[in-house]
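Below are some comments for a reader who is new to this kind of model. Please keep the structure in view while reading them.

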Amino acid sequence: MSARDDILALVRASLHVSGAEAPRRAAVASRLAEAPVGVVPQRGQGTRSQILATFKAEAERVRATVAEVASAADAPAEIARFLRENNLPATLRHGSDPRLASLPWSATALEISHGPSDGDDVNAVSAAFAAIAETGTLALVSGSDNPTTLNFLPENHFVLVFAEDVVGDMESVVARLKATYGQGAMPRAVNFVTGPSRSADIEQTILLGAHGPRRLHIVVVGQP
Amino acid sequence: MSLAATTPHFKDNVHEALTDARLQRALPHARNFIATRAAAAARLPEFEALRDSARAIKDHTLAHLDLYLETYERKVTQSGGHVHWARDTGEALAVILDLCKARGAKSVAKGKSMVSEEIGLNAALEGAGIAAVETDLGEYIIQLRGEAPSHIIAPAIHVTRDDVEADFRRFHRELPADRDLTQPEQLLAEARAILRDKFLSADIGLTGANFLIAETGTSIIVTNEGNGDLAQTLPKVHVVLASLDKLVPTLNDAAQLLRVLARSATGQDLSVYTTLSTGPRRPGDPDGPEEYHVVLLDNGRSAMLGGQFADMLRCIRCGACMNHCPVYHAVGGHAYGWVYPGPMGAVLTPSLIGVEQGGQLPNASTFCGRCEAVCPMRIPLPNLMRHWREREFERHLTPAVVRGGIGFWAFFAKRPGLYRFATDLAMRALHLIGRSRGRFAWLPFAGGWTRYRDLAAPQGATFQARWRAKSGAVR
């Protein structure tokens with residue numbers, strides 16, 4: 001007997017089932033098809049402006065910084081300002097996301113590079129698939145538009161979030177993923193990012209910038 | 001063979017831990033988790049309802065585990081990944097070593113994985129000439145020290161800052177000897193720089209999984225450092241090593257569990273990185289692994305289903321039980337002698353390595369009940385430890401002195417009249433003898449108690465007698 005068949009047989013023997021029981025199969029099929037939403041905290045709910053305010057407050061609580069700009073065209077200047085004020089190099093890497101590629105980078109003094117990171121980049125910018133108010137979390141999706149390496153390797157990560165993509169809770173992001181990629185299908189990676197990288201492994205003292213970015217600067221685009 | 005257990009020598013381990021001054025200096029840090037968890041729970045009005053929801057999700061999954069496993073396998077395959085089933089440690093190691101050898105792998109970058117500790121993966125890799133690189137800062141520190149984790153989420157909690165500095169100076173010989181490492185930030189920066197190169201050069205990335213999603217064939221890990229996330233992004237091959245009990249039906253179900261996981265563990269609302277991986281790199285993807293493998297390990301879990309210890313399979317490895325355990329606080333994790341310490345380890349270890357090996361651990365509890373009170377999955381840990389004590393007794397593994405003592409007590413307990421008479425007499429006698437000092441520094445047959453603390457002298461009447469008097473007065 002293969003390990004697979006043996007393990008399934010052991011599981012069934014312990015549960016005293018054969019695996020063919022119609023009610024059990026129906027219960028599983030309906031759970032997968034309906035994917036019921038459980039308890040969703042009130043914290044992330046409310047009007048559009050409340051959701052945006054909660055997102056900002058929660059993101060700052062986990063030590064991200066947040067800036068709001070009226071339109072995407074203002075984002076390059078905001079990123080340039082942040083780099084300048086923090087005495088950081090004027091370089092920036094991004095993927096082929098049209099929401100980023102179309103921005104007026106040339107109006108800034110930033111030196112722009114493209115594609116995935118090889119580990120030597122100091123700064124990178126990504127555009128978020130969505131964001132979650134409840135926990136101040138960004139949802140980033142893999143692909144040529146926004147390489148996954150940009151989320152982790154640079155020391156400073158900038159993320160553009162369009163106001164209409166800020167939702168209340170993780171369940172709403174899951175619904176958006178299903179709408180975009182299809183039921184039961186997923187992009188290779190979905191990275192939920194809640195604040196900059198940190199470690200408390202030395203005497204339980206929280207230090208930022210363990211393996212991922214030390215700074216996470218979120219630029220929210222558009223009015224509520 | 002899995003990691004060798006020193007669990008049968010639990011008492012010796014405890015003596016060693018209690019007299020280890022360095023360990024006793026480090027251990028108070030574990031208590032910080034109590035306040036952070038309480039604050040996180042208090043900030044979320046729905047926390048208790050989420051615990052109920054989380055328990056129901058896992059109970060449902062475990063009751064239908066065969067069907068969810070089949071669905072999960074199908075979805076992983078559909079997304080271009082491979083599922084390898086492993087009945088035990090030997091099969092899991094064989095699968096991983098074969099994957100490594102077939103690709104000529106020289107190094108494996110590891111995300112934190114307790115299951116990899118369970119199967120002794122690092123030793124097996126090293127034995128095959130493959131470097132195993134722990135990338136979680138805590139895991140990296142203890143790997144340098146040649147130690148095992150002493151906590152399931154804070155593996156180096158037994159190590160002080162001074163120890164880390166000494167270890168880094170000992171192992172990072174290529175760096176200037178006079179560099180300043182007095183600040184924790186400097187230690188972190190040094191580890192970051194050294195591990196960055198190892199990430200980039202690793203042939204295989206191996207991570208555990210916090211959850212496996214049947215709906216989509218997705219594996220989920222949570223980290224704060226971003227190490228596991230780099231381990232599953234940079235190398236050409238991503239191997240997920242996970243046990244059967246990590247299955248969850250849907251992403252929405254995982255969202256429920258995630259809300260109680262980090263809060264119970266570190267007191268965060270959510271860990272910094274929650275990373276969902278589904279299959280290998282897609283056409284057009286500029287990064288990500290070219291191969292995606294899942295090693296699904298049973299190692300005794302299937303036998304726990306439907307039995308007395310099935311509740312333990314709900315465990316999501318948050319560590320809250322050990323963070324709140326007075327025994328863990330006193331002796332730390334290594335004393336438990338195997339992979340899983342604290343109350344969850346006391347229940348799980350005998351299930352996985354046998355009651356003969358692990359049977360002492362369920363005795364390491366005061367039954368104060370804090371572990372059950374904070375367990376996000378509402379696992380009745382004290383009750384499960386009691387079941388193990390009964391089994392240990394039934395199988396005559398309990399020491400003769402203890403068995404004799406219990407037999408002696410049972411003789412009286414079964415004869416209430418005699419019990420009352422004897423205890424009444426004993427309390428009066430102890431009251432008279434201890435009256436002057438109010439306490440005993442030594443008593444025959446109670447040396448185990450009086451060796452460490454005084455016994456307060458009884459007030460003259462037994463509890464039962466005083467209760468009778470009080471009830472009479474009320475009536």
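**Notes on the interface and on chain B**

1. In this predicted model, 42 residue pairs are in polar contact across the interface of chain B and chain A, both residues of a pair being at pLDDT 80 or more. On the side of chain B that touches chain A, 44 residues are nonpolar, 30 are polar and 25 are charged.

2. How many residues does each chain bring to the contact? Chain B supplies 99 residues and chain A supplies 81 residues. Together the two chains bury about 7,300 Å², and 57% of that area lies on carbon and sulfur atoms.

3. Salt bridges also link the chains: the count between chain B and chain A is 13. One of them joins the side chains of A:Arg61 and B:Asp269, with an N to O distance of 3.8 Å. That distance falls inside the rule's limit, which is within 4 Å.

4. Strand β9 of chain A, residues 189–193, pairs with strand β9 of chain B, residues 273–277. The pairing is antiparallel and runs over five bridges. Within it, A:Asn191 has B:Thr275 in β9(B) as its bridge partner.

5. Turning to chain B by itself, the chain has 24 helices and twelve strands. Its radius of gyration is 25 Å, close to the 23 Å that the globule rule gives for 475 residues, so chain B is as compact as a globular protein of that length. Taken along the principal axes, the box filled by the C-alpha atoms of chain B is roughly 85 × 60 × 45 Å.

Note on methods:
Residues numbered from 1 in each chain as written. Chains lettered and ligands numbered in written order. Predicted model: local features only at pLDDT ≥ 70, side-chain atom pairs only at ≥ 80, totals over all residues. Heavy atoms only, no water. Contact = heavy atoms within 4.5 Å. Buried area = accessible area lost by both parts, 1.4 Å probe. Polar contact = N/O pair within 3.5 Å; in protein donor to acceptor, adjacent residues only side chain to side chain. Nonpolar A, V, L, I, M, F, W, Y, C, P; charged D, E, K, R; others polar. Pairing = 2+ DSSP bridges. Helix = DSSP H or I, 4+ residues; strand = E, 2+ residues; numbered from the N terminus. Rg over C-alpha atoms; globule rule 2.2 N^0.38 Å.
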